[in-house]
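Hello,

I am handing over a structure that is new to you. Please have it open while you read; my notes follow below.

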Amino acid sequence: QVQLVESGGGWVQPGGSQSLSCAASGSIVSITDMGWYRQAPGKQRDMVAIITSGGYTSYKDSVKGRFTISRDNAKNTVYLQMNSLKPEDTSVYYCYADVRKAYVFSYCRYWGPGTQVTVSS
C-alpha cells in the first residue's frame with residue numbers, strides 16, 4: 001500500500017506564512033508528479049501547484065508569486081511554502097503523488113487525507 005501523510009496547516013493571520021509537507025511511503029518504485037490541491041466549503045477541488053520529478057513547476061494563477069512548491073525525491077516528500085496568505089486561501093489542502101508500485105507497470109494517483117488552512121484575523 002501507499003500512504004501520504006500531510007503535516008502543517010492550522011490558523012494564520014492575513015499576510016502571514018505557513019508551510020505544508022507531505023510524505024509518501026509504502027511499496028514505491030518511483031513517483032512522477034506530486035502536488036497540492038485545495039477545496040473550500042461548497043466549492044470544487046482546484047489545483048494549487050504541481051511539481052514533476054524533474055522539478056518543473058506549475059501554479060494556480062492566484063497563488064503565483066506567493067506560494068512555492070518543492071520536493072525531496074530521496075524522501076518522497078513534497079512541500080508547499082505559502083506566503084502573503086489571504087482569507088481566500090482558506091481551504092482544506094490535499095497533497096497527491098503519482099506513484100508506480102512494486103510489480104505494477106502503471107502509475108496511480110494517491111491522495112493525502114487533507115489538512116485545514118484557515119486565514120483570518
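In which loop does Asn-76 lie? Asn-76 lies in the loop between strand E7, residues 67–72, and strand E8, residues 77–82. Please keep in mind throughout that this is a predicted model.

Asn-76 has a phi near 50 degrees. That is a positive value in a residue other than glycine. Its relative accessibility is 22%, so Asn-76 counts as partly exposed. Ser-84 also belongs here. Its phi is near 50 degrees, again positive and again not in a glycine. Ser-84 sits in the loop between E8 and E9. With a relative accessible area of 40%, Ser-84 is partly exposed.

**The aromatic rings**

The count of aromatic pairs comes to three. Take Tyr-37 and Tyr-96 to begin with. Their ring centres are 5.8 Å apart and their planes stand at 75 degrees, so the pair is edge-to-face. Tyr-37 is in strand E4 (residues 28–39) and Tyr-96 is in strand E9 (residues 91–101). The pair therefore ties together parts that are 59 residues apart in sequence.

Tyr-37 also pairs with Trp-111. This pair is edge-to-face as well, at 5.3 Å centre to centre, with 80 degrees between the planes. It links distant parts of the chain, since Tyr-37 is in strand E4 and Trp-111 is in strand E10 (residues 108–111), 74 residues apart.

Together, Tyr-37, Tyr-96 and Trp-111 form one aromatic cluster. Trp-111 is partly exposed, at 35%.

**Charges over rings**

Arg-109 lies over the face of Tyr-96, 3.9 Å from the ring centre. Elsewhere, the charged end of Arg-45 sits over the ring of Tyr-94.

Asp-98 is found in strand E9. Its relative accessible area is 11%, and under 20% means buried, so Asp-98 is buried. What does Asp-98 touch, not counting residues up to four places away in sequence? The list is Ser-30, Ile-31, Thr-32, Asp-33, Tyr-107, Cys-108 and Arg-109.

Ala-49 lies in strand E5, residues 46–51. Ala-49 is buried, with a relative accessible area of 0%. Leaving aside neighbours within four places in sequence, Ala-49 is in contact with Gly-35, Trp-36, Ser-58, Tyr-59, Ile-69 and Leu-80. Ala-49 and Cys-95 are 46 residues apart in sequence. In space they are 9.6 Å apart, C-alpha to C-alpha.

**The largest pocket**

The largest pocket has a volume of about 180 Å³. Its lining is made up of 14 residues. Which of them are the closest to its centre? They are Arg-38, Ala-40, Lys-43, Glu-88 and Ser-91. By class, the lining has eight charged residues, five polar and one nonpolar.

Best wishes

Methods: Residues are numbered from 1 along each chain as its sequence is written. This is a predicted model: local features need pLDDT of at least 70, side-chain atom pairs count only at pLDDT 80 or more; totals for chains, interfaces and linings use all residues. Side-chain values use heavy atoms; hydrogens and water are left out. On a 1 Å grid over the protein atoms alone, a cavity is a set of points where a 1.4 Å probe fits but cannot get out, and a pocket is an open set with protein on both sides within 12 Å along at least five of seven lines; lining residues have an atom within 4 Å of a point. Grid points are joined across faces, edges and corners, and a volume is the space filled by probe spheres set on the points. Ala, Val, Leu, Ile, Met, Phe, Trp, Tyr, Cys and Pro count as nonpolar, Asp, Glu, Lys and Arg as charged, and the others, Gly among them, as polar. Helices (H or I, at least four residues) and strands (E, at least two) are DSSP runs, numbered from the N terminus. Buried means under 20% relative accessible area, exposed over 50%, partly exposed in between (1.4 Å probe, protein chains only). Contact means heavy atoms within 4.5 Å. Rings of Phe, Tyr and Trp (its six-membered ring) pair if their centres lie within 6.5 Å; planes under 30 degrees apart count as stacked, over 60 as edge-to-face and the rest as tilted. A charge sits over a ring if NZ of Lys or CZ of Arg is within 6 Å of the ring centre and within 35 degrees of the ring normal.
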